[in-house]
Structures are given as C-alpha cells and as structure tokens.
Amino acid sequence: MDLGQIDFDRVLFYEHARMDAEAAYAKNPLDAENLTTWGKALLELSQFQNPSDSLKFVKDAASKMEEALQIDPRKHDTLWCLGNAHTSHALFLNDLNAATIYFGKATQCFQQALEEDPGNEIYMKSLEFSAKAPELHMEIHRQMANQPDAGRHSSTSNTKVSKTKKKSDLKYDILGWVILAVGIVAWVGLAKHHIPTPPPAPR
C-alpha cells in the first residue's frame with residue numbers, strides 16, 4: 001500500500017472519529033472524554049489540510065480541549081493534548097514573540113498534566129520539547145527564509161508564487177512531522193478509550 005492510500009485511510013478514520021464525537025456531543029455536551037476525543041481527531045486531521053485550514057483545525061482542537069477542561073480541569077490527557085495544540089499553533093506563527101506566548105501556554109499544560117499524573121514519561125518528554133520549542137521555531141523559520149529560489153529564471157510573478165509555495169511546503173512538512181510525533185504518542189491515550197485503533201494495512 002502506497003503512502004497516499006495510507007494517508008487517505010487515516011483521514012477517513014479520523015474523520016469518522018470526529019463525526020462520531022460530534023454526534024455524541026449533541027446527546028451529551030458534558031462528556032469531557034468525548035470532547036477530548038473530538039479535539040484529538042481534529043488535531044490529527046490538521047496535518048492533512050493546507051496551511052491556513054490546518055491552523056483552523058488546530059484552533060478548533062484547542063477549543064474542544066478547553067471545553068473539556070471546563071468540565072474536568074484535572075483531566076491530564078486533555079491538558080497534554082491542549083499543550084500539543086498550543087505548540088502546533090505557535091509553530092504556524094512567524095513572529096517569535098507571539099509564538100512564545102503559545103509555547104508558554106503549552107509548557108503550563110504539560111506541567112499541569114505531569115502534576116496530575118506524576119512520572120508519566122510522555123508528559124516529561126513533552127516538557128523537555130517545550131523548553132526547546134522557541135529554538136525549533138527559529139530554525140524552522142530560518143530555513144524557510146533561506147529556501148533557494150528555484151524559479152530564478154521564470155517571470156517575477158511565477159518566481160514569487162514558486163518561492164511562496166516552497167516556503168509553505170517546508171513549513172507544512174515540518175509541522176506535519178511535529179503533529180505526527182505528538183499524534184503517535186496520543187494513541188497511548190486513545191487506546192484506553194472508545195476509539196478503536198485503525199485496521200492494519202493488508203499485506
């Protein structure tokens with residue numbers, strides 16, 4: 001099975017999870033677990049969107065997590081997922097000062113999650129990553145600024161489009177890897193709850 005098919009299957013899986021959570025929310029809007037599942041699905045789906053839509057999905061995911069925490073403020077997996085959403089949001093921002101605000105929110109979420117579940121290795125790793133996040137942000141945006149202009153011999157208009165697309169693609173690729181990394185460990189939490197794991201790919 002090629003990567004395109006795998007991605008397609010993942011999108012279908014998370015879209016079904018999102019739809020199921022939305023339906024469950026209509027019946028019981030006070031289910032913090034369901035809101036968390038909804039937010040996780042949105043965060044996963046964000047990596048399959050174009051950059052502007054991806055940020056919208058990340059914001060929606062954060063909103064669901066925040067709603068869940070209004071119901072259960074000590075729900076550590078929700079705190080951790082909200083931290084991931086804040087981290088992803090920060091990486092989309094060009095301005096380091098603005099991004100630092102979201103990195104700070106993420107650190108606070110990871111710290112609170114660890115306080116609720118002491119010794120959790122995933123939360124500890126997330127805290128370590130959060131401390132290095134501003135440095136990663138600078139590196140990402142430095143690389144985007146230094147991308148070579150492949151359209152040097154084309155028209156000015158095409159050159160600008162090409163350069164913008166290359167920057168956008170690099171940003172999207174890096175963000176995709178970050179979201180993928182947090183998504184993999186998110187399955188540790190999801191496996192304990194009501195979303196089944198995706199079926200294995202046929203050999």
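Trainee: Which residues are linked in a network of salt bridges here?

Mentor: The network joins Glu33, Lys40, Lys75 and Asp77. Do keep in mind that this is a predicted model.

Trainee: Okay. How far apart are the N and O in the salt bridge of lysine 40 and aspartate 77?

Mentor: For that salt bridge, N to O is 3.8 Å. Lysine 40 belongs to helix 2 and aspartate 77 to helix 4, so the bridge links distant parts of the chain, 37 residues apart.

Trainee: And lysine 40, is that one buried or exposed?

Mentor: Lysine 40 counts as buried, because its relative accessibility is 5%.

Trainee: How many salt bridges turn up in the whole structure?

Mentor: A search of the whole structure gives 9. One of them pairs aspartate 60 with lysine 56, at 3.2 Å from N to O.

Trainee: Where do aspartate 60 and lysine 56 sit relative to each other?

Mentor: Both are in helix 3, and they are 4 residues apart, so about one helical turn separates them. Aspartate 60 is partly exposed, at 26% relative accessible area, and lysine 56 is also partly exposed, at 48%.

Trainee: What does arginine 142 form a salt bridge with?

Mentor: With glutamate 139, and the closest N and O atoms are 2.6 Å apart.

Trainee: How accessible is arginine 142?

Mentor: Arginine 142 has a relative accessible area of 42%, so it is partly exposed. Glutamate 139 is partly exposed as well, at 30%.

Trainee: Changing topic to packing: how many residues does the largest nonpolar core have?

Mentor: That core has 30 residues, and Trp80 and Leu82 have the most contacts inside it. Helix 1 (3-27), helix 2 (32-46), helix 3 (51-71), helix 4 (76-92), helix 5 (96-116) and helix 6 (121-145) each give two or more residues to this core.

Trainee: Which helix gives the largest share of this core?

Mentor: Helix 3 does, with 8 residues.

Trainee: What lies apart from that core?

Mentor: There is another core of 7 residues, including Leu91, Phe103, Ala133 and Ile140.

Trainee: Great, thanks, I'll go and look at those side chains.

Terms used: Residues numbered from 1 in each chain as written. Predicted model: local features only at pLDDT ≥ 70, side-chain atom pairs only at ≥ 80, totals over all residues. Heavy atoms only, no water. Core = buried A, V, L, I, M, F, W, Y, C linked by side-chain atoms within 4.5 Å. Buried < 20%, exposed > 50% of the residue type's maximum accessible area, 1.4 Å probe, protein only. Salt bridge = Lys/Arg side-chain N within 4 Å of Asp/Glu carboxyl O.
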